[in-house]
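Let's walk through this one together, from a single residue pair out to the whole fold. Have the viewer open as you read.

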Amino acid sequence: YILPHRHLDPNKDETFVILRGAFGLVLFDDAAEVIEANDIAAGAGPLGLVRNASVVFEGDRIVSVAGAGQIADRRIDADGACVIPGFVDSHTHLVFAGDRGDEFAARMAGRPYEADGIRVSVAATRGATEAELLALAGGRRAEARRAGITTVEIKSGYGLDAHHEARCLRVARSFTGDTTFLGAHVVPAEFEGRTDDYVHHVCTDMLSAALPYARWIDAFCEVGAFDEHQSRAVLAAGRAAGLGLRLHANQLGHGPGVQLAVEMGCASADHCTYLSDDDIAALAGSDTVATFLPATDFSTRQPYPDARRVIDAGATVALATNCNPGSSYTTSMSFCIALAVRDMRMTPEEALSAATVGGASALRRGDVGRIAPGCRADLVVLEAPSYTHFVYRPGVPLIRSVIEAGSLT
């Protein structure tokens, strides 16, 4: 075990987290805070902070949240740590090959971000074997798990033909059930100048090939990628095939993406960097989650979304890493939380909620992102007395240990 073992002191006022998983009944003892991330409870704050409590796991599921003093087969001292739900990363692109570090360096020297760099990753991904893609994506998934991410969505989008998109989704399916077909990422070189023809290809042959491996469909609704009409056609085809809907919206400027996402009933509108008052009102009046990707804005030197306006309007928000080779090559949700608080005017409580239960909402998942009966047994133990240390001590590795589906990873 990662954490030191000691016997329970019955005379000490403590918080307990009990786990029944692959290692038997295990007790995390002496935690400073246990964050449920439930709905706001009277007197508990927006996250549901629980002290002097026990959380019992049976297999990979939480059975109950009860008073302290339960009996355990094994006891592990949390040593004054904070225990939070596993992060839910609802927007990633983990399946790709190649490197775009030179592009990043050029951008830092003043070149603006453009979506054309995606084609570089497409060429590298098409040239890799499926075994190579599986190993590369597996390494990134393991890195994300060490960073506290226990639930992840993975998009395709670096294949851009029927064979390679299906292959990327098949690889992604090895790591998550939340796979997203993003054939409408950009127009590949072989369809240059024939965007409508490519959209037809996405909606027919590519969709048929992707369907066995995908839960969701997505499109990049942006100048330089796909317009409102083309994005609507992609989403409509995916919905007719039984897929859930997501949308890249309003990343590079004001546009129709957010309104389209709400109109089509998308689970999430992602990026939301540029929002009008009408966009915010539409999000607030719907169940479409506004998913912010602040590491992207950091990497591309774009403005950060004004999350404060969105939250105050009553919309549901999520934070995600957008891990990808061009505009956000990070698996650190801790970093995204720090950016959200520092530059998007979110409170630490709001940012942590957005990275857990908010991400779960963006995936239409009620079984992750919270410490509650019936939820999957996903916990992150911090090397800190409070989750505020994500912002208080930015850049410091604060994840001590991760429990995913009841097992210590």
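K155 sits opposite T180 in β12. This is a predicted model, where local features need pLDDT of at least 70, side-chain atom pairs count only at pLDDT 80 or more, and totals for chains, interfaces and linings use all residues. Residues are numbered from 1 along each chain as its sequence is written, and side-chain values use heavy atoms, leaving out hydrogens and water.

Two strands pair if DSSP finds at least two bridges between them, and strands themselves are DSSP runs (E, at least two residues), while helices are H or I runs of at least four, numbered from the N terminus. The pair belongs to an open, parallel sheet of seven strands, ordered β11-β12-β13-β14-β15-β16-β17. At its edges, β11 (154-155) and β17 (317-319) each pair on one side only.

Now for the helices. α5 lies across β12 and β13 (216-221), at about 150 degrees to β12. Axes are lines fitted to C-alpha atoms, for helices over the stretch in contact (heavy atoms within 4.5 Å), and angles run from 0 to 180 degrees between N-to-C directions. α5 (residues 195-210) also packs with α6 (residues 228-240) at about 10 degrees, the axes 10 Å apart. That makes α5 roughly parallel to α6, a label for angles under 35 degrees. Contact residues include V199 and L207 of α5 and A233 and V234 of α6.

Overall, the protein has 13 helices and 20 strands.

Notes
Parallel < 35°, antiparallel > 145°, perpendicular 65-115°, else oblique.
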